[in-house]
Amino acid sequence: MSSELLPFLAKTCALLLKGALITVQVSTLGIAIGLILGTLCGVANSNRLKVPGLSQLITAYVWIVRGTPLFVQLFIVYFAIPEALSIELSPLEAGVITLGFNSAAYLAETIRGGINAVPVGQWEAAYVLGYSNPQSFFYVILPQGLRSVLPAITNELAAIIKESSILMVIGVPELMKLSRDTVARELKPLEVYAMTALIYLVLTSVMALWTKRLEKRMA
Amino acid sequence: MSTIIVRDLTLRYPGASDAALNHVNCTLDTGCVTLFLGKSGSGKTSLLRCIANVISDYAGEVQFENVPIRAMSRITRARTVGFVQQQFHLFGHMSALSNCTHPQIHVMKKTQEAARQKALTLFEHLGISGLEERRPHQLSGGQQQRVAIARALCMEASVLLLDEPTSALDPDSIGSLVEIVRVLKSDGITLAISTHDMRFAKQLLDHCYFMQGGRIVEESRAGAPGDVGPLTRAFLSA
């Protein structure tokens, strides 16, 4: 039994790592979209930089995304929007867009909170020292705002990696889909899903280690 | 000679029924220490914030050598008036030294080396050498205050406003602050200090205004007995 198990595990591991590579790719792209869009929305919705009109739009976007399941959002992006707009989206594109826009909504709220938490006195100190408004924001406010919410951002980034497993339902060949296919073929759920869980754990741990180092650098 | 002239300054905060400042007229004499005394809520901080142009939607005029501070460019204003707020507001993500070099480099466009030299000179002058690499949270209240003063002076401000500078200090640090104020005065810096700390005020009594309900109700110039008005005398002896 054990003489069969080791080659099976080696073969399955190699296969799952291919899936993990796709998971890393979609997560990285989702994180990139989430961070960029989330930061822009968070900034544009913060107390001192609120843009009338745009702020209400952002609030509505955050409300809708946070109030509906990721699963439904994925189906809307993959099935409904392409049909309504007569465009085509590959499963990978739809997956990345869904993950990115979903995490952006959560990150927007986190970053908005971080920026609002920077004392008004910091703006005033920068103003008195002659900084322009953009200089005040980028040199003084944003670094401090992000620093205070870095642990929350870390959680969100780790969540994207885990949530990317939902993309299997539209056929993205990521880690979870490959492991489910392997189980269906080999009928060894314990070995395969345990290995899958271990790979996810490694991915999220690497992310956690990286962000811990970033937190230390920014402390 | 007066460096700063405040004319008929009136300030009303949105939604407030009473004016925070009510037709205030005062001057900051060149190279002198001007104190603004009074109880909390008398308008001292609001007045300093108007002079520093942190608040600019007031009625009246604040002039530096006959130029309205409101009309100055941000860089000229920064080189004219330095303002150390009650909570100091050092930039928490920067070292003490960077707090002083960063605005010089990014606002005054100085080279890194020139900014560093200027900051180090001021650190030595203010007795905080050795604290350059510390972050604000690693400094005591008195040390933070000196870094904040150094940061303001790095911009070569000729007027320095200190808002309630003793509020976060222990008695030893208050003594050191008095010394620093005297050193700055001898350097030719025009100082305006708001305080309700009578022991601190007594040691620096030179030219002072007593404020009440957003108005200046008494002006005193120390020197000869009788020069200090009754309200100021009562405040100082309380």
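B:Glu164 is buried, having 21 other C-beta atoms within 10 Å; a residue counts as buried if 20 or more other C-beta atoms lie within 10 Å of its own, as exposed if 12 or fewer, and as partly exposed in between, with C-beta atoms placed from the backbone. This is a predicted model, in which local features need pLDDT of at least 70, side-chain atom pairs count only at pLDDT 80 or more, and totals for chains, interfaces and linings use all residues. Residues are numbered from 1 along each chain as its sequence is written, and chains are lettered from A and ligands numbered from 1 in the order in which they are written.

Stay on B:Glu164 and display its backbone: phi is positive, about 40°, although the residue is not a glycine. The loop that holds B:Glu164 runs between S7 and helix H6 (171–186) of chain B. Helices (H or I, at least four residues) and strands (E, at least two) are DSSP runs, numbered from the N terminus.

Next, select B:Glu156. This residue sits in the loop between helix H5 (141–154) and strand S7 (159–163) of chain B. Its phi is also positive, near 60°, and B:Glu156 is not a glycine. B:Glu156 is partly exposed, with 13 other C-beta atoms within 10 Å.

Now select chain A. It has 8 helices and 0 strands, in the order α-α-α-α-α-α-α-α along the sequence. Its C-alpha atoms fill a box of roughly 75 × 45 × 25 Å along the principal axes. Of the 219 residues in chain A, 37% are buried. Among its contacts (C-beta atoms, placed from the backbone, within 7 Å) with a separation of 6 or more, 77% join residues 24 or more positions apart.

Note on methods. Contact = placed C-beta atoms within 7 Å.
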